[in-house]
Amino acid sequence: MIRGKRLLGLGVLVFCLLLWFLIIPNQTEGKTGAEFPRLIVLFLAIPGAVLLLRSGAATGAAPLKGEELYALRRTALLLALVCVYMLVIPKLGFYTSSILGMAAFLYCLGVRTPLQIILTPLISVGLMYLGLGLGLSFRMPAGLLP
Amino acid sequence: MLEDIVLGLGMIFTPENLFWAFFGVACGIVVGAIPGLSDTMAIVLFLPFTYYLSPIAGIALLMGLSKGGNFGGSIPAVLFNIPGTPQAMVTTFDGYPLAQKGLAGKALNTALLSSVIADACSDLILIFLAAPVAALALRIGPPEYTAIIFFSVVIIAVMAGNDPCMGILSVGLGLLLSTVGTDPHSGSPRFIFGFYELADGISLMPMVIGLLAFSEALRQAYGWLKRQAEGREEPPVHIPGNQGLRWQEFKQIAPTIARSTGIGACIGIIPGIGTTVGSYLSYLAAKKCSKNPERFGQGALEGIAASEAGNNAVNGPNLIPLVTLGIPGNLAAALVLGAFMMKGLIPGPTFMQNHAQLLYALFTLLFFSNLFTFILGKFLVRYAGTLGSIPETLLISMVFVFCVIGAYAANSSLFDVFLMFAFGLLGLALTALKFNLPTMLVAFFLGALLEGKVRQSLAISNGDFMIFFTRPVALVFISLALAMMVYTFAKGFSRRRHTMSH
């Protein structure tokens, strides 16, 4: 844990140096433009230095257990599914993608009853359409739908 | 002031405003009552829709969510021993033992009554203190203003968690993110790295939703999958019966409610300390003042009353720095500030002068929200057990979809949806590194104001930073902030040394 915090402190200090010498001069105009961002860099550098100077015994992170590894893999898959869901919204439209996306999320989260996987997204997205689309006249990307 | 209050009253009695306040409270209680969902997540997910409502209706919805969610958080604390909101943690100490004795209904009714009374009193404090504080705020110049913001930022940073370093880093990162966009002085883009969609700054919605709701939903999904893999059983649910408080019991808890309201209100005025500290200090004070302290932790009604009154009394005074100085005291206040900004209203010293009627209308709506919380709370307490049995898989899937809707809502831009996703990943990484995301967001909201005041001060002094040390009020606040930073760092070092020597 201590080693992790020291590494974080070192990372923060390197980030501060990059900001001060590289990013801020290139991304701001003139001395006045750089003033406030540089004050923030100083504000960031103080805890960075304190973290780096912290002493203590280095302890490694505990290896992941089987259940944790399973949950981590599934969460990564879920994240990939969300990414795909967002990518298909412009093509399929929000409501169609959301029905398919929700069904995929439910499956990934361990729901195996076909009726639940089909009906839950249909009802939920239907209610969203009633509340947002019709109730608040809120327009989402239509995609395939007219 | 009285004239403004009367005119403000006339603005709120429209079916639209009252409906959204009622709807906000109802959703807040329901969301707060579902373990894993918090009032903050409810506010974040509903915030984009306030764009489509009038200013009063939009803020009424958010305040309703906050108030309803605050009480709702006590429901899983009592029934499942899982605090629905962080501030409800202390409610579990006595709420759950009482539920185990078959008195869940009494525990929830105590929580409801204490919440509503303390919240109403705190709203009164807000109404009567806001105008004098705003008048005082009008007299302060840019250097003093800068010093007050800096002081607030430091308090928020050091109070953020166990490690003040991580709090200060979170604040620094929030301030840095606030500089993305266009330089207010030269008008040239800065830190946008070729993404011209960021020229107006990072959009509020994608950032808030990504950091708070999307990353939280992913964490919940991980937790759910892990529990499933471990085959862990859910805690038993204690169905609340129809057990109201007797007059004798109310008389017994009334002094605790009064004391906790005072403690919570004092804490609420100081930005950054928050509801959790309010409830914890109130609980400790109630235990210390009790004739039977040994009953605390065993199901004492005073324990529940202290926790709930202490955390709800923070709400009203917490809005004082927001409406008078534009400084949000906590995340909920920061999100309300976001809603104000979406409507083109910028809270600050002149806000009270220019929009007094609007403000008093909103303050009055806070009372209505309290009334709605009481009515709906009484009704929903009976069905509280059912709310906890909504499948977590459904909630997580729906939150993902709502995140997309919310990110898209403000600008109808798919870029914002991907920005939300990116902030979700950033939120996961920062949480793993023990950053404090609510603190970072509050700092992000304060960034533009702080930059403006720093620049005004430096313009007055021709670029001389000594202006912050030669004006007495500015000097006091900057010295206090620096002293607090040094003290917390020194305390952290000595605690670490003490731990290592043992």
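## Interface between chains A and B

In this predicted model, 63 residues of chain A are in contact with 67 residues of chain B. The size of an interface is often expressed as the accessible area lost when the parts come together. Here the area buried between chain A and chain B is about 5700 Å², and carbon and sulfur atoms give 83% of that area.

Polar and charged pairs are also found across this boundary. Four residue pairs, both members at pLDDT 80 or more, are in polar contact between chain A and chain B. Two salt bridges cross the interface of chain A and chain B. A:Glu68 forms a salt bridge with B:Lys226, with 3.7 Å between the closest N and O atoms. On the side of chain A that touches chain B, at least two residues each are supplied by helix H1 (2-27), helix H2 (30-53), helix H3 (66-92), helix H4 (94-108) and H5. The largest share of that side, 16 residues, is contributed by H3(A).

## Salt bridges within chain B

Over all chains, the whole structure contains 13 salt bridges. In one of them, B:Asp119 pairs with B:Lys67, the closest N and O atoms being 2.6 Å apart. Because B:Asp119 belongs to helix H7 (residues 104-137) of chain B and B:Lys67 to helix H4 (residues 55-72) of chain B, the pair ties together parts that are 52 residues apart in sequence. B:Asp119 is buried, at 2% relative accessibility, and B:Lys67 is likewise buried, at 2%.

Other pairs lie within a single helix. B:Glu216 and B:Arg219 meet in a salt bridge at 2.8 Å, N to O. These two residues are three residues apart in helix H10 (residues 204-230) of chain B, so about one helical turn separates them. B:Glu216 is partly exposed, at 23% relative accessible area, and B:Arg219 is partly exposed at 28%.

In helix H22 (residues 437-460) of chain B, B:Arg455 and B:Glu451 lie four residues apart, about one turn of the helix. The closest N and O atoms of B:Arg455 and B:Glu451 are 3.6 Å apart. B:Arg455 is buried at 13% relative accessibility, as is B:Glu451 at 3%.

## Nonpolar surface patch on chain A

A nonpolar surface patch of about 900 Å² is made by A:Leu115, A:Ile118, A:Leu119, A:Leu122, A:Ile123, A:Leu127, A:Tyr129, A:Leu130 and A:Leu134. Among them, A:Leu122 is located in helix H5 (residues 114-135) of chain A. The relative accessible area of A:Leu122 is 44%, so this residue counts as partly exposed.

Definitions and conventions: Residues are numbered from 1 along each chain as its sequence is written. Chains are lettered from A and ligands numbered from 1 in the order in which they are written. This is a predicted model: local features need pLDDT of at least 70, side-chain atom pairs count only at pLDDT 80 or more; totals for chains, interfaces and linings use all residues. Side-chain values use heavy atoms; hydrogens and water are left out. Patches are made of residues with over 30% relative accessible area and no salt bridge: like charges are joined within 9 Å, nonpolar side chains (Val, Leu, Ile, Met, Phe, Trp, Tyr) within 5 Å. Accessible areas come from the Shrake-Rupley method with a 1.4 Å probe; for residues, only the protein chains shown count as cover. A salt bridge is a side-chain nitrogen of Lys or Arg within 4 Å of a carboxyl oxygen of Asp or Glu. Buried means under 20% relative accessible area, exposed over 50%, partly exposed in between (1.4 Å probe, protein chains only). Contact means heavy atoms within 4.5 Å. Buried area is the accessible area (1.4 Å probe) that two parts lose on being put together, summed over both. A polar contact is a pair of N or O atoms within 3.5 Å; within protein, one must be able to donate a hydrogen and the other to accept it, and residues adjacent in sequence count only if both atoms are side-chain atoms.
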